[in-house]
Structure formats: C-alpha cells, structure tokens
Amino acid sequence: MVIGTFVIILFLLLISGMHIAVALGLTATALLLIFEGMPLSVIAQNAFISVNSYALAAIPFFILAGDVILEGRLADRLLDFAGLFLRRVRAGLAMAVVVSSVFFAAVSGSSVASAAALGRSVMELLKDEDYPQRFIAGLVAAGSTMGLLIPPSLTFILIGSMQGIPIVDLFTAGILPGLFEGALTISACYYLCRKHGWGNPKKDDVSIVSFANRAEYGPATAGAACIESPNAKKSKPTISSLFVSSAGVLLMPPLILGGIYGGFFTPTEVAAVAFAYALLLATVIYRTMPVKKTVSVLSRSLKQSGMIYFVVIGGNLVGFTLISLGVTDSITEVVAVSGITKWQFLLIVNTILLMLGAVLDGISVIVLSVPVLYPVATSLGVDPIHFAVILTANVEVATLTPPVGLNLYVMSGVTGLPVSEVARGIGPFYLVQIMVLLVVTYVPALSLSLLKWL
C-alpha cells in the first residue's frame, strides 16, 4: 500500500516535469501526512538535519576545484607530460587520456568535471592522429567515471554521511577498484586502436608543441596541437621542461591524498585545500584563468552544490519516511524469509540500480537506494564498505546510460556530436564498466584488502 502510493505519486510528479528533488520531497511529505499525520515542523527538522553535516561541506569545495581545473585548463599540462612518453606508441595518446583521467579522479572527485576538462583539451589533438570523434567522446566519457571510485569521491562522501561510515575508509576501498578499472580501460583502448588502425604514431620529423608552450606560438583553439616550423625545433619540449611546466599540477594528488592519509586534513578540509591550490595554479602560477573569472566559477559551482543538497534533502526525507512507516523493516523480513542468498541479492541490487540509472542521475540513485538497501545488505552479511563500492560502481554505469547519463551530454556538448553518437562510442567501454561492476560485486577482496592492510 505504502510503496504503491509512493511510486504513483512520484511517477505523476516526475512526468509533470517537476525536478527530482522537489518530487522526492513532496512525495515523502505526502506519505508522512497521510499515513502518520506527522507535523510539518518535524518533517522540516529532519530535512535540515539531513544536510547539516560536516562531511557534506566537502562537496561544494570539490566541485569548485573541478571547475577551476576546467576553466584554468590545468588538464593541458598533464596531457603534455603523459603524451611525451606515450605518443610514439600506437594508441599512445588515447592511453594518455586514460592516465590523465585517473589523475583527475584523484583531484576533482567528480566525473562530470573530469569529462569536461579532458574533453575540451583532447578533441583536436586526438583527431590529428586519426581517432574518430565518436571514439574520443566515448573514451573521455568512460574514463572520467573513475572520478567516482578513486578518492576523493563525492559519491563516497554522500554515502558515508548518510550511513555514518568513515569517509577515509570508503576512499581507501575505492583505490584498487579504480585502478583496476583504469587498467581494463587502457587494455580496451589499445585493443580497439590495434583492431581499427586508429592512433598511428607520428613517423615524420615534425614535432608537436606542448599545450603548456603553445602561447609562445600564437593562439590556438582549445585542445589543438600546434605544429613547429623546422627552425623552431630547438624549442622542442623535453622531459625536464615539461616536468617543470607541469610540476604544479602533478603535485595535486600527493597534496590531496597525502593530506588525507597523512592525517593532516579531514576530507572536508582537504577539499578546501584542493580548491585553494587549484585556484593558485590557475590564477597566479600558470595565469590561465583571469581572476575575474572566479566569480562566474563560484556562481556555477554553488548552483551545482545547491542542486545536490536539494536532492539529498529529498532523498533523506524518503528514507526517513520508509523507516517511519516500517517499510524498510518489512523488506528486510521478506528477504530473510525468502531465503535469498547474498550473491542473489547483490545480483538483484545491480539489476535494479542499472534500471534506475537509466532514468535518474547518480546522486538521486544513491539517496533513494541507500536507506532501503543498506539494512537488507547488512542483514545478509554484506560488508557496509564493500556495499558502498558496489553502489558507486553502479553510479559509474549510470553516468554513461542513456537517456539520462550526464557524461553523454557533457561530451555531446564538447564534441558537437548527437548524444546517440556519443553513446555508440561509449559502447565498448560500457562493457568494461559492466565487467568492473561484476568483479567489484563478487570479489570483495578488491575493495577491502587495501583497507585491511592499512
């Protein structure tokens, strides 16, 4: 009765065009008023408590750091450095994009920010080596999802704050799965390029000017490679010059992860440090972002943060409603009586979350599923930290799943390709994501071994 009423009200509100956060909040409020007669003051108090969290304060700072990385074109310098080692190998630049995705996953915590930053930088450069646009869009979109598994991760921050799990433990649990995903993505990238003949390494005598030095040769379009003239070869970038040029950016992951695991900063504090450091690099050291641009970055990031908080409020109200009406306990009892095993339950969970990910964004999937699924998972003996990694891996797939996958639209905007073409480019990497999801689900050691070792 309660679940049926919830689904009907939520469905009607969503098809009316109402934002998911408002629909969740109104649905939860209606159920509490109808079935519990709960005062509005109590509902409002619970809504406030759901976002009155020190851990959640990290979200706007990591979003700000990602936006500064995007506007300050800090990705260019990393691509220079990685490309110098890999570009003479077939598929080298494509693999450099994946390496860069792993790097930015350890900086921004957001897959959307990584996709936007890398996508704008690599399009023309990869097209110059015969990579089709569809492949480039799919590669960047898929590679950027590693920002959800590799710490710091906004998804882990959200789950940890909702369930009271130490966020540093969740960060640690995501490292090996994230690196495993990166290795599989590189392997898939190399196989596709070998099969189709993409990414032929340059054999001629012409060298490519680095992104970092392109200002010396005049303006260039975003991400475009500038070709040196014969008499400019004396300025050809070297390992040492590119290392010096990109040193500030390369220090970001050690600063963030070292600050967390060294005990110098909490995840919330390190988020603020990441933003301040990225702003320093972009406006003072590299001067790739005008100081006046900071205002628009702040405005855009605050809007995104407000949207996330709004969804969190709605989702937490739904969780509070289901607990208050006894729905969560009823589901747990049904699962216990049915005799469902742990692996069967996890298969059902993955199936449900993959379907939800096709129609909801990742944040909405998390705030809806955590209150309902966590009690059932723990009752079956699933480790809470392992389950958080499973949920996050599902959200990664959701960011690539049409019609709502956010990374599809980001790369469509960057490349100018239709969303359907971007989705086709993602196809092979989507299979990689599913493989990662299955391994993460049924090999708990991948998520928990590093945590136990530390």
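Modeller: Let us begin with a term: a polar contact is a pair of N or O atoms within 3.5 Å, and within protein one of them must be able to donate a hydrogen and the other to accept it. Please keep in mind that this is a predicted model.

Biologist: Which backbone oxygen does the side chain of Ser369 reach?

Modeller: Ser369 is part of helix α17, and at 4% relative accessibility it counts as buried, because buried means under 20%. Leaving out residues up to four places away in sequence, Ser369 touches Leu353, Tyr374 and Leu391. Its side chain comes to 2.7 Å from a backbone oxygen, which belongs to Val365.

Biologist: Why can the buried residues of α1 be said to line one face of the helix?

Modeller: The residues of α1 that are buried are Val2, Thr5, Phe6, Leu10 and Leu13. Seen down the helix axis, the buried residues of α1 fall within a limited arc, and so they line one face; that arc is 120°.

Biologist: Which residues are exposed on the other side of α1, and which helices do its buried residues pack against?

Modeller: On the other side, the exposed residues of α1 are Ile8, Phe11 and Ile15. The buried residues of α1, in turn, pack against α2, α14, α15 and α17.

Biologist: What distance separates the end C-alpha atoms of α1?

Modeller: Helix α1 runs over residues 2-15, which makes 14 residues, and at 1.5 Å a residue these should span 20 Å. The distance in the model agrees with that expectation, because the end C-alpha atoms are apart by 20 Å.

Biologist: How many of the 15 residues of α18 are buried?

Modeller: Helix α18 covers residues 384-398 and reaches 21 Å from its first C-alpha to its last, close to the 21 Å expected. At the start of α18, a side-chain oxygen of Asp383 reaches to within 2.8 Å of the backbone nitrogen of Ile385. The helix is largely enclosed by the rest of the structure, because the number of its 15 residues that are buried is 14.

Note on methods: Residues numbered from 1 in each chain as written. Predicted model: local features only at pLDDT ≥ 70, side-chain atom pairs only at ≥ 80, totals over all residues. Heavy atoms only, no water. Helix = DSSP H or I, 4+ residues; strand = E, 2+ residues; numbered from the N terminus. Expected span 1.5 Å × (residues − 1). Buried < 20%, exposed > 50% of the residue type's maximum accessible area, 1.4 Å probe, protein only. Arc of directions from axis to C-beta. Contact = heavy atoms within 4.5 Å.
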